Amino acid sequence: MGTIRAAYRHVLHRIIQHPDTDITHEAQCLSCAWEASPSTDAAAVDVECMSHTGRSNHRSFRRVCTSFTFVVRDEPRETPGMPRDGEEHSRPREGSATTA
Ligand SMILES: [Zn+2]
């Protein structure tokens with residue numbers, strides 16, 4: 001096997017929560033067709049589930065949490081004003097030990 005030399009431009013990216021979005025919480029009863037009203041407030045969905053349990057004695061729910069993310073190039077000139085938070089997904093160099 002010959003040596004394969006890969007020449008590629010190393011571009012750092014990072015993923016952030018999509019601007020102007022919140023995590024949406026949903027719940028579906030596993031015993032009937034009831035669903036909680038989707039909300040960005042997880043506690044509100046919990047209360048709806050407990051209220052449903054009080055009415056129906058149904059106790060199992062499927063929770064769904066939906067969030068939106070956004071991948072950005074981690075280059076200062078493309079993200080002016082955005083702090084570099086040290087969460088860069090840099091690729092470890094070949095042969096280097098990665099265990100801490
Ligand atoms: Zn139910």
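The model is a predicted one. The chain holds 1 helix and 4 strands, and from the N terminus on its elements run β-β-α-β-β. Buried residues make up 7% of the 100 residues. Of the contacts with a separation of 6 or more, 61% join residues 24 or more positions apart.

**Helix α1**

- Helix α1 covers residues 42-56, and at 1.5 Å a residue its 15 residues should span 21 Å; the end C-alpha atoms are 21 Å apart, so the two values agree.
- Three residues of α1 are buried, namely Val45, Cys49 and His52. They cover an arc of only 60° around the axis, which means that they sit on the same side of α1.
- The face of α1 turned away from that buried side carries the exposed residues Ala43, Met50, Ser51 and Gly54.
- If you look for what covers the buried residues of α1, the cover includes β2 (24-29) and β3 (61-66).

**The nonpolar core**

- The largest nonpolar core has 5 residues: Ala27, Ala36, Val45, Cys49 and Phe61.
- Val45 and Cys49 belong to this core, and both are also among the buried residues of α1.
- As background, nonpolar side chains tend to be buried together in soluble globular proteins.

**Strands β1 and β4**

- β1 (13-17) pairs with strand β4 (residues 69-73) in the antiparallel sense, over 5 bridges.
- Within this pairing, Ile16 has Phe70 in β4 as its bridge partner.
- β1 is hardly covered, as the count of buried residues among its 5 residues is 0.

**Thr24 in strand β2**

- Thr24 is found in strand β2, and it counts as partly exposed because it has 16 C-beta neighbours inside 10 Å, while a residue needs 20 or more to be buried.
- Leaving aside residues up to four places away in sequence, Thr24 touches Pro38, Thr40 and Thr66.
- Thr24 and Ala42 are 18 residues apart along the chain, with 8.0 Å between their C-alpha atoms.

**Two residues with positive phi**

- Most residues other than glycine have a negative phi, and the two residues below are worth a look with that in mind.
- Asp20 has a positive phi of about 65° although it is not a glycine. Asp20 is found in the loop between β1 and β2.
- Is Asp20 buried or exposed? Asp20 counts as exposed because it has 6 C-beta neighbours inside 10 Å, and the cut-off for an exposed residue is 12 or fewer.
- Asn57 is found in the loop between α1 and β3. With 8 C-beta neighbours inside 10 Å, Asn57 therefore counts as exposed.

Note on methods
Residues are numbered from 1 along each chain as its sequence is written. This is a predicted model: local features need pLDDT of at least 70, side-chain atom pairs count only at pLDDT 80 or more; totals for chains, interfaces and linings use all residues. A nonpolar core is a set of buried Ala, Val, Leu, Ile, Met, Phe, Trp, Tyr and Cys residues joined through C-beta atoms within 7 Å. The expected span of a helix is 1.5 Å times one less than its number of residues. The arc is that of the directions from the helix axis to the C-beta atoms. Two residues are in contact if their C-beta atoms, placed from the backbone, lie within 7 Å. Two strands pair if DSSP finds at least two bridges between them.
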